[in-house]
Amino acid sequence: MTSRLPNYWLRNDWLDRARGIAVQEVPSMDYEHTQHSPLHWLLLVPAGAMLLSAAWATESPAVVAVLLGSGLITGVLGFSFGRLTVRDEGSRLAIEFGPLPLFRKTVEYHEITDVCVARSSWIDGWGIHWMPGRGTTYNLWGFDCVELQLGNQQLRVGTDEAENLAEFLRQRLKPR
């Protein structure tokens, strides 16, 4: 069983209230889906090799520093892109890579003007990318995604549950 933080920590309501911003209580539909990456190990193996090489390369401090730095950065990226979790946080949608949660984005539901199921292409890539004319893509694996229209900006969220996520978001947008 996993423990979850209280909803006010996830939604930052306490911060909004402290700033004097009115917080509208929105019933949560508790959408949460995590997609796991089959390829994040491809970053962890070279990271381990670089760290081991740094331990053996004692003759040159510069080589040791480069190997240590490169190994640490590659390892952190490998642990940062192991999974992609999309979660309802009451008034916003959270998109978070993990298990090391360095890359996270939230989108307020009131900012979303349209939702549709789409497919990304190889040029959109995996990870976090911005492409002119195509917007920002948060994708971990595969090409299925949900495209969110945020005014004149696009945000693509990669998922292996595109229909479920799109339907959830459409339900959140209906009360307008």
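A nonpolar surface patch of about 750 Å² is formed by Leu-39, Leu-42, Trp-122, Ile-123, Trp-126, Trp-141 and Phe-143. Patches here are built from residues with over 30% relative accessible area and no salt bridge, joining nonpolar side chains (Val, Leu, Ile, Met, Phe, Trp, Tyr) within 5 Å and like charges within 9 Å. Keep in mind that this is a predicted model, where local features need pLDDT of at least 70, side-chain atom pairs count only at pLDDT 80 or more, and totals for chains, interfaces and linings use all residues. Residues are numbered from 1 along each chain as its sequence is written, and side-chain values use heavy atoms, with hydrogens and water left out.

**The chain as a whole**

- The chain has five helices and nine strands, taken as DSSP runs numbered from the N terminus (helices: H or I, at least four residues; strands: E, at least two).
- Going along the sequence, the order is α-α-β-α-α-β-β-β-β-β-β-β-β-α.
- The chain holds 176 residues, and 40% of them count as buried; buried means under 20% relative accessible area, exposed means over 50%, and partly exposed is in between (1.4 Å probe, protein chains only).
- Take the contacts in the chain with a separation of 6 or more: 52% of them come from residues 24 or more positions apart, a contact being heavy atoms within 4.5 Å.
- About 10,400 Å² of accessible surface belongs to the chain, and carbon and sulfur atoms own 61% of that. The areas come from the Shrake-Rupley method with a 1.4 Å probe, and for residues only the protein chains shown count as cover.

**The loop between β1 and α3**

- Leu-39, one of the patch residues, sits in the loop between β1 and α3.
- Leu-39 is partly exposed, because its relative accessible area is 33%.
- Ser-37 is in the loop between β1 (32-36) and α3 (41-56) as well, but Ser-37 counts as buried because its relative accessibility is 10%.
- Leaving out residues up to four places away in sequence, Ser-37 touches Phe-81, Gly-82, Arg-83 and Leu-140.

- α3 runs for 16 residues and spans 23 Å from first C-alpha to last, close to the 22 Å expected at 1.5 Å a residue; the expected span is 1.5 Å times one less than the number of residues.
- The buried residues of α3 are Leu-44, Ala-47, Met-50 and Ala-54. They lie on the same side of α3, because they cover an arc of only 125° around the axis, the arc being that of the directions from the helix axis to the C-beta atoms.
- The background is simple: an α-helix has 3.6 residues a turn, so residues three or four places apart point the same way.
- Part of the cover over the buried residues of α3 comes from α4 (61-80).
- On the face turned away from the buried side, α3 carries the exposed residues Trp-41, Leu-42, Val-45 and Trp-56. Leu-42 also belongs to the nonpolar patch.

**Salt bridges**

- The whole structure contains nine salt bridges, each being a side-chain nitrogen of Lys or Arg within 4 Å of a carboxyl oxygen of Asp or Glu.
- Glu-89 and Arg-104 pair through their side chains at 2.9 Å, N to O.
- Glu-89 counts as buried because its relative accessibility is 1%, while Arg-104 is partly exposed at 36%.
- Arg-104 also makes a salt bridge with Glu-96 (3.3 Å, N to O); Glu-96 has 19% relative accessibility, so Glu-96 counts as buried.
- A network of salt bridges links Glu-32, Arg-87, Glu-89, Glu-96 and Arg-104.
- Arg-92 and Glu-108 form a salt bridge too, with their closest N and O atoms 2.8 Å apart. Arg-92 is in strand β3 and Glu-108 in strand β4, so this pair ties together parts 16 residues apart in sequence.
- Both Arg-92 and Glu-108 are buried.

- Ser-91 lies in the loop between β2 and β3 and is buried, with a relative accessible area of 18%.
- From C-alpha to C-alpha, Ser-91 and Val-107 are 8.7 Å apart in space, and 16 residues apart in sequence.
- The peptide bond from Gly-98 to Pro-99 is cis, with omega near 15°, whereas most peptide bonds are trans.
- Pro-99 is placed in the loop between β3 (92-98) and β4 (104-108).
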